[in-house]
Amino acid sequence: MHRLVRTVLVAGLVAAFSAGATAATAPADAIKYRKAVMAAMAAHVSAFVLINFGKVDQQEYLKSHANALADLGAQGKVLFPAGTDTGDTNALPLIWKEQEQEQFNKLIAQLETSSARLRDAVAANDKPGAAAAFKSLSESCKGCHDRYQKKDD
Amino acid sequence: MTAPAPGRRRWLAAFVLLLTSLEVHANLAAQIERGRYLVQAGGCLTCHTADRPDAIPLAGGRALLTPFGTFYAPNITPDPVTGIGGWTDADLGRALREGVAPDGSNYYPVFPYPAYTGIEDADVTALGAYLRSLKPTRQQAKEHDLPWYLSSRLVMMGWNFFNFSPGRFTPDRSRDAAWNRGAYLVRHLGHCGECHTPRNLLGGLDHSRDLAGNPAGPDGEKIPDLTQNQTTGIGQWSADDIAFLLETGLLPDGDFAGSSMSAVIEDNTARLTPGDRQAIATYLKALSPRLP
């Protein structure tokens with residue numbers, strides 16, 4: 001009896017994991033995921049800035065937020081799959097236009113490289129390097145948002 | 001009591017002269033320092049410095065794309081040929097507060113004299129002291145690139161008639177010092193309305209919608225509403241949220257301020273005193289919400 005329950009549970013879990021790995025993602029879930037990752041980045045940026053401007057005295061955690069930003073920043077390239085231009089999203093369809101690919105990919109690459117540079121500079125306690133990397137990171141964020149995000153009137 | 005011997009008297013006179021010149025010198029140094037601060041608070045750097053990393057501050061060159069053509073900001077270092085060398089405080093005051101050049105010609109209102117008209121005399125003097133203390137740079141600004149109907153600066157006299165009301169800032173005694181300081185910074189020195197207030201057909205500011213956002217801002221950007229409207233404006237922000245944005249460039253939701261504002265934050269508001277940022281926040285929090 002017990003063994004049966006255990007077998008069924010394990011089978012279910014295995015099925016859930018393999019489903020996650022193989023089944024196509026619903027666009028609505030991909031959009032939800034994109035928003036979650038964006039919100040996580042915004043939260044780490046906020047925390048980073050609060051420490052960096054001396055608003056809170058949590059210097060020892062600056063590294064955690066820089067590391068998290070580098071990990072999340074590397075995900076930029078997978079957050080905008082085809083089919084996620086409509087639905088509950090502020091992403092403009094312009095992102096998926098052929099002529100925009102070069103510009104869009106450049107900004108996504110800048111997100112990844114600048115956040116990686118920020119992580120390394122913070123780890124090395126290189127303040128000017130961290131400041132330059134953070135500036136580049138901020139430019140990639142707002143560069144994308146200015147051009148590709150729907151705005152309220 | 002006997003008068004000091006002539007030799008002693010001469011020493012005394014020299015000593016008094018020295019003290020006076022030291023005082024004048026200290027005064028000038030204080031004025032230059034104040035002028036440096038005002039140049040930041042006035043946003044002068046953002047337009048009068050070319051948009052490249054090695055640009056000389058205030059030596060001119062930035063192109064401003066507007067619906068009325070492309071303007072190139074002039075050199076305001078004290079070079080006598082290409083800058084403002086030789087200008088008196090009166091020249092500077094007239095330029096800032098009336099939009100008129102020393103030769104009597106009118107400036108285009110892309111130079112925010114309709115806002116600067118409120119600048120106090122003491123601030124004009126300090127700005128002059130600072131600008132004169134800069135190293136002169138010889139750099140000729142490009143000619144503006146304008147449609148035919150704007151090519152004569154005489155047109156601006158007509159424009160001024162409809163859109164420009166000169167006058168110094170007068171404090172509102174029913175409000176506190178922070179509000180009044182904020183009003184001076186927002187309305188005059190910082191000229192926030194130049195981007196955040198929509199324009200009428202003539203390109204003048206629509207003061208019935210002060211700071212209510214501009215769908216057609218500079219460089220084609222959509223400029224946000226700064227009024228207390230809960231949905232379109234910043235009604236849900238605290239005064240601290242506003243001061244924090246002006247210091248760090250970060251919005252309450254963790255996103256960064258848009259591109260033209262990031263230059264304003266870097267050149268201007270991040271360099272203000274915390275008290276001045278709080279004053280701006282106090283003034284903005286007291287605005288009425290924009291009507292739909």
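User: Why is B:His191 called buried?

Analyst: The model is a predicted one, and in it B:His191 has 21 other C-beta atoms within 10 Å. The label buried needs 20 or more, so B:His191 is buried.

User: Where is B:His191 in chain B, and what is its phi?

Analyst: B:His191 is in the loop between helix H7 (177-189) and helix H8 (193-196) of chain B. Its phi is near 40 degrees, a positive value in a residue other than glycine.

User: What makes A:Asn125 count as exposed?

Analyst: A:Asn125 has 10 other C-beta atoms within 10 Å. Exposed applies to 12 or fewer, so A:Asn125 is exposed. A:Asn125 also has a positive phi, about 55 degrees, although it is not a glycine. The loop that holds A:Asn125 lies between helix H4 (101-123) and helix H5 (127-148) of chain A.

User: How do you know that the span of H5(A) agrees with its number of residues?

Analyst: H5(A) has 22 residues, and at 1.5 Å a residue they should span 32 Å. The end C-alpha atoms of H5(A) are 31 Å apart, so the two values agree.

User: Which residues of H5(A) are buried, and what do they pack against?

Analyst: Among them are A:Ala130, A:Ala133, A:Phe134, A:Leu137 and A:Cys141. The buried residues of H5(A) pack against H4 of chain A together with helix H10 (259-267) of chain B.

User: How many residues of chain B are in contact with chain A?

Analyst: 14 residues of chain B are in contact with 14 residues of chain A. On the side of chain B that touches chain A, the elements giving two or more residues are helix H9 (239-248) and H10 of chain B. By class, that side has three nonpolar, seven polar and four charged residues.

User: Why is H9(B) called oblique to H11(B)?

Analyst: The axes of H9(B) and helix H11 (residues 274-285) of chain B cross at roughly 130 degrees and come within 8 Å. Roughly perpendicular covers 65 to 115 degrees and roughly antiparallel starts over 145, so H9(B) is oblique to H11(B). The crossing is right-handed. Residues of H9(B) in this contact include B:Ile242 and B:Leu246, and those of H11(B) include B:Ile280 and B:Leu284. By class, the contact has seven nonpolar, two polar and three charged residues.

User: What makes H3(B) roughly perpendicular to H5(B)?

Analyst: Helix H3 (residues 89-98) and helix H5 (residues 121-133) of chain B pack at an angle of about 115 degrees, with their axes 9 Å apart. The roughly perpendicular class runs from 65 to 115 degrees, so H3(B) is roughly perpendicular to H5(B). H3(B) and H5(B) make a right-handed crossing. On the H3(B) side the contact is made by B:Asp89, B:Leu92, B:Gly93 and B:Leu96, and on the H5(B) side by B:Val124, B:Thr125, B:Leu127 and B:Gly128. By class, these are four nonpolar, three polar and one charged residues.

Technical notes. Residues numbered from 1 in each chain as written. Chains lettered and ligands numbered in written order. Predicted model: local features only at pLDDT ≥ 70, side-chain atom pairs only at ≥ 80, totals over all residues. Helix = DSSP H or I, 4+ residues; strand = E, 2+ residues; numbered from the N terminus. Expected span 1.5 Å × (residues − 1). Contact = placed C-beta atoms within 7 Å. Axes fitted to C-alpha atoms, helices over the stretch in contact; angles between N-to-C directions. Parallel < 35°, antiparallel > 145°, perpendicular 65-115°, else oblique. Left-handed = near helix turned anticlockwise from the far one by under 90°. Nonpolar A, V, L, I, M, F, W, Y, C, P; charged D, E, K, R; others polar.
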